[in-house]
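Trainee: I've got the model loaded and I'd like to walk through it with you. Can we start with one residue and build up from there?

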Amino acid sequence: MADTLSPRKDAIAPVAALLDWPGTAWLARLALAAPFVVSGLVKLTDFNGAVAEAAGLGLGLPVLVAVAVIVTQLGGSVLFLTRRWCWLGAGILAGFTVVATLLAHAFWTYEGPDRARQTATFLEHLAIVGGFAAAAVLSHRRGGRA
């Protein structure tokens, strides 16, 4: 059975070299985790803003929600950036993204241009979930070496 993780034999050499470079996988994961790292750090440094955001979404116990969001975003990102726990971090961040997207971007409750904007944002977040799934699959196939 062919190794599905190797570049095709007819791949352009520089592309194959980039895909084979050990840092490529980590940089790709860093790019995917970046919004969560930045958001978690912003919430950590502006905790009152994080609490206000949770309250603005109508969530009960906004202080507890803000703490949970910070821990989820930063902790999930740290796990996602490791080789051994990439799959777990991907699952945590994907699950968080699904919940947050359903709460904050319920496009079906909007009309007109707002619906279009919320739909686009919803689909962008769905793409992020897909990216986490792909990273977890590749990490699993490489035995935690992604």
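Trainee: Where is A55 found?

Mentor: Helices here are DSSP runs of H or I with at least four residues, strands are E runs of at least two, and numbering goes from the N terminus. On that basis, A55 is found in helix 3.

Trainee: What kind of model is this?

Mentor: Residues are numbered from 1 along each chain as its sequence is written, and side-chain values use heavy atoms, with hydrogens and water left out. Local features need pLDDT of at least 70, side-chain atom pairs count only at pLDDT 80 or more, and totals for chains, interfaces and linings use all residues, since the model is predicted.

Trainee: Is A55 buried, partly exposed or exposed?

Mentor: Buried means under 20% relative accessible area, exposed means over 50%, and partly exposed is in between (1.4 Å probe, protein chains only). A55 has a relative accessible area of 41%, so it is partly exposed.

Trainee: How far apart are the C-alpha atoms of A55 and A66?

Mentor: Along the chain these two are 11 residues apart.

Trainee: Zooming out, how many helices does the chain have?

Mentor: Reading from the N terminus, the elements go α-α-α-α-α-α. There are zero strands, and the helix count is six.

Trainee: What share of the chain is buried?

Mentor: The chain has 146 residues. Of those, the buried share is 27%.

Trainee: Which residues is A90 in contact with, leaving aside neighbours within four places in sequence?

Mentor: Contact means heavy atoms within 4.5 Å. With the sequence neighbours set aside, the partners of A90 are F80, F132 and A136.

Trainee: How are helix 2 and helix 3 oriented to each other?

Mentor: Axes are lines fitted to C-alpha atoms, for helices over the stretch in contact, with angles from 0 to 180 degrees between N-to-C directions. The axes of helix 2 and helix 3 (residues 47-56) come within 4 Å and cross at roughly 110°. Under 35 degrees counts as roughly parallel, over 145 as roughly antiparallel, 65 to 115 as roughly perpendicular and the rest as oblique. That is why this pair is described as roughly perpendicular.

Trainee: How many residues of that helix 2 and helix 3 contact are charged?

Mentor: From helix 2, K43, L44 and T45 meet F47, A50 and E53 of helix 3. Ala, Val, Leu, Ile, Met, Phe, Trp, Tyr, Cys and Pro count as nonpolar, Asp, Glu, Lys and Arg as charged, and the others, Gly among them, as polar. The contact splits into three nonpolar, one polar and, for the charged class, two.

Trainee: Which residue forms a salt bridge with E53?

Mentor: A salt bridge is a side-chain nitrogen of Lys or Arg within 4 Å of a carboxyl oxygen of Asp or Glu, and that rule gives two here. For E53, the closest N and O atoms are 3.2 Å from each other, and the partner is K43.

Trainee: What about accessibility: is K43 buried or exposed?

Mentor: E53, at 43% relative accessibility, counts as partly exposed. K43 sits at 14%, so it counts as buried.

Trainee: Last one: what is the phi of L61?

Mentor: L61 is in the loop between helix 3 and helix 4, and it is exposed, with a relative accessible area of 62%. Most residues other than glycine have a negative phi. L61 is not a glycine, yet its phi is positive, at about 50°.
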